[in-house]
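Here is a short report on one protein structure. Have the sequence and the model open as you read.

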Amino acid sequence: MKKILIVEDDQKTAMALVIRLKANGYNASIAPDAIAGASQARAIKPDLILLDISLPAGDGFQLAETFLRMPETNGTPVIFITASKDPELMQKVMQLGAIGLFEKPFDTEKLLGSIDDKFNRMTDLLNARQCSAASNQLKR
């Protein structure tokens, strides 16, 4: 089961995401601030992180940079969620390597679709690599 860490200080938003993610077969955990987000990421090694930009104890951008430096989360896909309407945010999140940005209130179905698509692409890539490796073994 894929593990998703939700770093979100709004409890209603976080719980709504947990309910939807679990209903779609994901294991979801909540961290209410940046410090808890870093700690939980080390502990659970999530497959994907949903990250609010405005957080207590540090902002989402700083936390995303921390995730890039942590061995447990380096390479983990991040989707930012925010209430901000700043048009320059997309460029900033992409510079941090994020795979998406959703403005609150967001369409949960679109967010779930993005998560499913990311995991499906990762599975397809893994399968292609395994097939290629198996084919190379047969040629030897």
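Which helix holds L63? L63 sits in helix α3, residues 60–69. Helices (H or I, at least four residues) and strands (E, at least two) are DSSP runs, numbered from the N terminus.

## About the model

This is a predicted model: local features need pLDDT of at least 70, side-chain atom pairs count only at pLDDT 80 or more, and totals for chains, interfaces and linings use all residues. Residues are numbered from 1 along each chain as its sequence is written, and side-chain values use heavy atoms, with hydrogens and water left out.

## Around L63

L63 is buried, at 3% relative accessible area. Buried means under 20% relative accessible area, exposed over 50%, and partly exposed in between (1.4 Å probe, protein chains only).

Setting aside neighbours within four places in sequence, L63 contacts V7, A34, G37, A38, L51 and L55. Contact means heavy atoms within 4.5 Å. The C-alpha atoms of L63 and L51 are 8.5 Å apart, and the two residues are 12 apart along the chain.

## Salt bridges

The whole structure has four salt bridges. Each is a side-chain nitrogen of Lys or Arg within 4 Å of a carboxyl oxygen of Asp or Glu.

K104 pairs with E8 (2.9 Å, N to O). The two lie 96 residues apart: K104 in the loop between β5 and α5, E8 in the loop between β1 and α1. E8 is buried, at 1%. K104 also bridges to D52 (3.3 Å, N to O). D52 is in strand β3, so this pair ties together parts 52 residues apart in sequence. E8, D52 and K104 form a network of salt bridges.

E103 meets K85 in another salt bridge (3.7 Å, N to O). E103 is partly exposed, at 35%, and K85 is exposed, at 52%.
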